[in-house]
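Here is a short briefing on a ligand site and the protein around it. Have the structure open as you read.

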Amino acid sequence: MKLQLNDNFARIKPSYLFSDVAKRVRAYSEAHPDKKILRLGIGDVTLPLTPTVIRAMHKATDEMANAATFRGYAPEYGYDFLREAIARHYEQLGISVDAGDVFVSDGAKSDLGNFVDLFADVPVLVPDPVYPVYVDSNLMAGREIEYIEGNEANGFLPSPAGLSDVPRLIYICSPNNPTGAVYSKRGLTEWVEFALRTGSLILYDAAYEAFIADGSPCSIYAIKGAVKCAVEFCSLSKTAGFTGTRCGWTVVPAALGAVKPMWERRQATKFNGVPYVVQRAAEAALSWEGTKECMENIAYYKENAARIADLLTRKGIPFTGGTASPYLWLKCPGGMGSWEFFDKLLNEAQVVGTPGAGFGRAGEGYFRLTAFGSRAATREAVERLDKLL
Ligand code: MLT
């Protein structure tokens with residue numbers, strides 16, 4: 001082929017963080033087929049879909065088998081029944097979101113990556129450490145990225161204090177992936193006020209909001225003025241165990257002016273919607289009964305997190321997260337580097353985590369463990385780490 005390729009791809013790492021981790025684990029497992037590996041790396045759920053969700057999927061599958069109830073292409077932005085269920089979900093959080101501003105998606109990752117299509121070569125502000133999708137999707141599009149560091153001093157919750165007044169696309173994830181830190185109302189208000197003052201747009205990733213239980217905001221729209229300066233991405237992956245089922249949503253408020261019609265246009269061109277069966281499953285997950293079941297699953301993961309947190313506390317290893325988040329972000333003991341610690345845990349305890357350095361320069365020397373494992377795997381991992389550390 002003689003065509004010039006998008007050389008911005010040379011600016012990103014050749015392989016995605018979780019593919020890298022998986023490759024190393026595969027190599028280890030091939031070399032040591034007798035060893036039982038415990039995976040607390042990628043944040044993938046282990047509990048099955050809940051009964052209410054499964055019932056809805058079966059019913060919708062039967063509808064697809066019958067000419068009278070069969071559905072073809074879904075409405076471009078999602079079925080009304082789901083957009084309205086999502087608006088009701090916000091209502092239960094005490095937040096008013098117009099169902100017409102909700103765009104059903106196949107998960108937060110795709111929309112977070114795709115949303116940057118709407119912008120010219122604008123300045124981008126990304127916290128470090130960070131979910132790699134924010135960085136990679138902007139680098140692929142040729143943008144420069146300004147980083148704002150999360151560290152122990154700011155509790156991994158950087159604030160806009162000291163930033164210039166340049167308008168930017170600003171990424172915020174709370175509860176944070178990877179650090180598990182959660183912004184308070186005051187912390188988010190600072191960002192909203194900054195965005196309103198500077199004409200910036202916040203891209204808010206709320207994928208882990210269901211883990212919040214201490215009154216911290218579950219949505220950026222809990223903050224006054226946010227409808228004029230923020231888009232919110234949310235997902236049922238972690239809330240309802242949809243990592244393989246794929247359904248999420250993006251709220252693009254009409255108050256953002258040109259942004260909403262542009263997103264409508266972009267989605268109508270490049271996205272053909274989420275399957276009917278999955279949208280019915282999502283509706284069920286957001287129902288009263290579905291929410292109750294999902295919260296029971298979240299309580300199970302939180303119990304896993306508490307067991308890991310207890311171990312780290314006993315060992316005197318500093319960490320954040322683990323209470324309003326499925327992630328525990330710990331400082332590698334003995335000043336070890338992130339990948340060095342990864343290798344140690346894999347080789348000496350066959351426990352897989354995610355090296356903090358994979359989430360950015362400021363993540364070097366840190367390590368992420370997930371609470372999404374089964375109880376048995378988590379218990380065994382804690383026992384092995386107890387012996388090793
Ligand atoms: C993670 O482990 O950070 C997440 O599972 C990645 C994702 O949600 O795409």
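A polar side-chain atom of Tyr 131 sits 2.5 Å from an oxygen atom of the ligand, a polar contact (a pair of N or O atoms within 3.5 Å). This is a predicted model, in which local features need pLDDT of at least 70, side-chain atom pairs count only at pLDDT 80 or more, and totals for chains, interfaces and linings use all residues. Residues are numbered from 1 along each chain as its sequence is written, and side-chain values use heavy atoms, with hydrogens and water left out.

- A polar backbone atom of Gly 43 is 2.6 Å from an oxygen atom of the ligand.
- In the side chain of Asn 177, an N or O atom lies 2.8 Å from a ligand oxygen atom.
- Of the 270 Å² of accessible area that the ligand has on its own, the protein covers 84% (Shrake-Rupley method, 1.4 Å probe).

**The shell around the ligand**
- The residues around the ligand, with a heavy atom within 4 Å of it, are Phe 18, Ile 42, Gly 43, Tyr 131, Asn 177, Tyr 208, Lys 238, Tyr 327 and Arg 368.
- Five residues of this shell are nonpolar, two are polar and two are charged; Tyr counts as nonpolar and Gly as polar here.

**The two domains**
- An automatic or database domain assignment divides the protein into domain 1 (14–43 + 290–388) and domain 2 (51–287).
- The ligand lies between domain 1 and domain 2, because both give residues to its shell.
- The domain centres, taken over C-alpha atoms, are 26 Å apart.
- Contact (heavy atoms within 4.5 Å) links 29 residues of domain 1 with 34 residues of domain 2.

Terms used
A polar contact is a pair of N or O atoms within 3.5 Å; within protein, one must be able to donate a hydrogen and the other to accept it, and residues adjacent in sequence count only if both atoms are side-chain atoms.
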